[in-house]
Amino acid sequence: MALPLFPPESDPGPDFVGLLRQSDGRALSAPAPGGGPGAGPTSPHATTVVALRFADGVIMAGDRRATMGNIIAHRAMEKVFPADRYSAVAIAGSAGMAVEMVRLFQVQLEHYEKVEGTTLSLEGKANQLAQMVRQNLGMAMQGFVVVPLFAGFDTARGIGRIFSYDATGGHYEDTDFQATGSGGRDARSTIKLGYRESMSRDEAVDLAIQSLYEAADEDSATGGPDLVRGIYPLIAVVDAEGYRLVPEEEVAERFGALAARIRSERAQ
Amino acid sequence: MSMPYYVAPEQVMKDRAEYAQKGIARGRSLVATTYDLGIAIVAENPSRSLHKISEIYDRIAFGGVGKYNEYDQLRVAGVRHADTKGYAYSREDVDARSLANLYAQYLGNVFTHEMKPLEVEILVAELGSDGRPDQLYHIAYEGTITDEERFAVLGGDAETITERVAAAWQADWDLSTALKAARAALSGPDRVLEHGALEVATLSRGNGRVEGRRTFRRIADEELALLLA
């Protein structure tokens, strides 16, 4: 390895992907095209993730199941990641591609921050992710689709914002909430029915938990709470203090409360 | 065609060294020292935006003195090296020693092969972990690399500043004491540098950041004024 210095005309600037492409390309290896449509079920898929705004920022949550066709590939997969201090990214779709995309995205944001000495705006980060999704289009055509959700706290405006994506890299800002993945429809309906503007953090966490519960109830690829192994959805809060995970004990407790409520409502 | 004059290699090297030293001496100096929670780096720098001290990686910081455009180019190369390595392998595999060696090789190469040597001195600092000690690598304009144990001084007036830091230095001193001593050493007997004329950053264990792995932190304005009070 030599010191990566570039002549001014080919300097990649703060772009990490550009830098990898100009280096030896070892780290940025994409599998050769092949396999054809329908190659999807042979590799693990990550499923339902949701994001919703609350009074101080955004909540992002995802179930823990990855499936491969009708088989459960992983029971404790993580689909919600910190993108940087003030933003989070959640993934649905082909797990291998998605996790790698998140890793590259995280390095890209940090790389930009260090090279430029300042962080990207929230919209800049959302655009960066869109470019990465678009670069995956060739793989998406073969069944390895990655559909992320991006949410963060806009420090300039003091509000939480949510961006959703499609497989072509199109990205759209959502006003209040969004869900994606196989159980996304059920999760979205649940949030839609329970959503109010300026909810508190606790109310929003409860609603996220309920939406994942309902999605798992209807969609076989979405995992519900696993009481035997103690595996619960990952829930992240991003607000003015940055990204942090809701402690597992708290999620378990809130699931317990939700189950008790549903039982008592059915008994009436 | 005129014949080039013969110049003895000794003379060429001497001239280049003198040229680089003069360039570095024009700039202001930098002190890095270990303290109880990590490494503190203090530079005399009136600019708030053109930094002498920067973050390279989770536990690695960079310091440069001399010509800004030259050491800034090296800083960016360091960030690129570290990020590429961390992405290709793992974050744990990025270390200061290999980066310091790359800098040393590059500076040595430029010094012997190019018309003009780089007018810079570089510091690569790594916060120790799991029993590994803190590391301070000082790389000079001609590629000489020294591994300092307690503190490092870079810049034109390094010898006198080194004497002053050595006289004050204590093992495991706290941040405030270390910063005051560094300021006194950079100021000299005839003046006192205000906090606005200093650039300070630390690599510290337990700095309270949300993403705990990144240990680099700038200390500016009010916080610095408090620590120096």
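How many helices and strands does chain B have?

## Chain B as a whole

Chain B has six helices and 10 strands. The structure is a predicted model. With a radius of gyration of 18 Å, close to the 17 Å that the globule rule gives for 229 residues, chain B is as compact as a globular protein of that length. Along the principal axes, the C-alpha atoms of chain B fill a box of roughly 65 × 50 × 30 Å.

Of the 229 residues in chain B, 45% are buried. Among the contacts in chain B with a separation of 6 or more, 65% are between residues 24 or more positions apart.

## Where chain B touches chain A

On the chain B side, 17 residues are in contact with 20 residues of chain A. Two elements of chain B each give two or more residues to this side: helix 2 (68-88) and helix 3 (96-113). Helix 2 of chain B provides the largest share, 10 residues. By class, the residues on the side of chain B that touches chain A are nine nonpolar, four polar and four charged.

## The pair of helices

Two packed helices are described by the angle between their axes and the distance between the axes. Here the pair is helix 2 (residues 95-116) of chain A and helix 2 of chain B, whose axes come within 10 Å and cross at roughly 165°. Angles over 145 degrees count as roughly antiparallel, and the two helices are therefore roughly antiparallel to each other. The crossing of helix 2 of chain A past helix 2 of chain B is right-handed.

Which residues make the contact? From helix 2 of chain A they are Val107(A), His111(A), Lys114(A) and Val115(A). From helix 2 of chain B they are Val76(B), Val79(B), Asp83(B) and Tyr87(B). Sorted by class, this contact has five nonpolar, one polar and two charged residues.

## A residue in helix 3 of chain A

Gln135(A) belongs to helix 3 (residues 122-135) of chain A. Is Gln135(A) buried, exposed or partly exposed? A residue counts as buried with 20 or more other C-beta atoms within 10 Å of its own, and as exposed with 12 or fewer. Gln135(A) has 15 other C-beta atoms within 10 Å, so this residue is partly exposed.

Gln135(A) can also be placed relative to Glu110(A): the two are 25 residues apart in sequence. In space they are 20 Å apart, C-alpha to C-alpha.

Notes:
Residues are numbered from 1 along each chain as its sequence is written. Chains are lettered from A and ligands numbered from 1 in the order in which they are written. This is a predicted model: local features need pLDDT of at least 70, side-chain atom pairs count only at pLDDT 80 or more; totals for chains, interfaces and linings use all residues. Helices (H or I, at least four residues) and strands (E, at least two) are DSSP runs, numbered from the N terminus. The radius of gyration is taken over C-alpha atoms; the globule rule is 2.2 Å times the number of residues to the power 0.38. Two residues are in contact if their C-beta atoms, placed from the backbone, lie within 7 Å. Ala, Val, Leu, Ile, Met, Phe, Trp, Tyr, Cys and Pro count as nonpolar, Asp, Glu, Lys and Arg as charged, and the others, Gly among them, as polar. Axes are lines fitted to C-alpha atoms, for helices over the stretch in contact, and angles run from 0 to 180 degrees between N-to-C directions. Angles under 35 degrees count as roughly parallel, over 145 as roughly antiparallel, 65 to 115 as roughly perpendicular and the rest as oblique. A crossing is left-handed if the near helix is turned anticlockwise from the far one by less than a right angle, and right-handed if clockwise.
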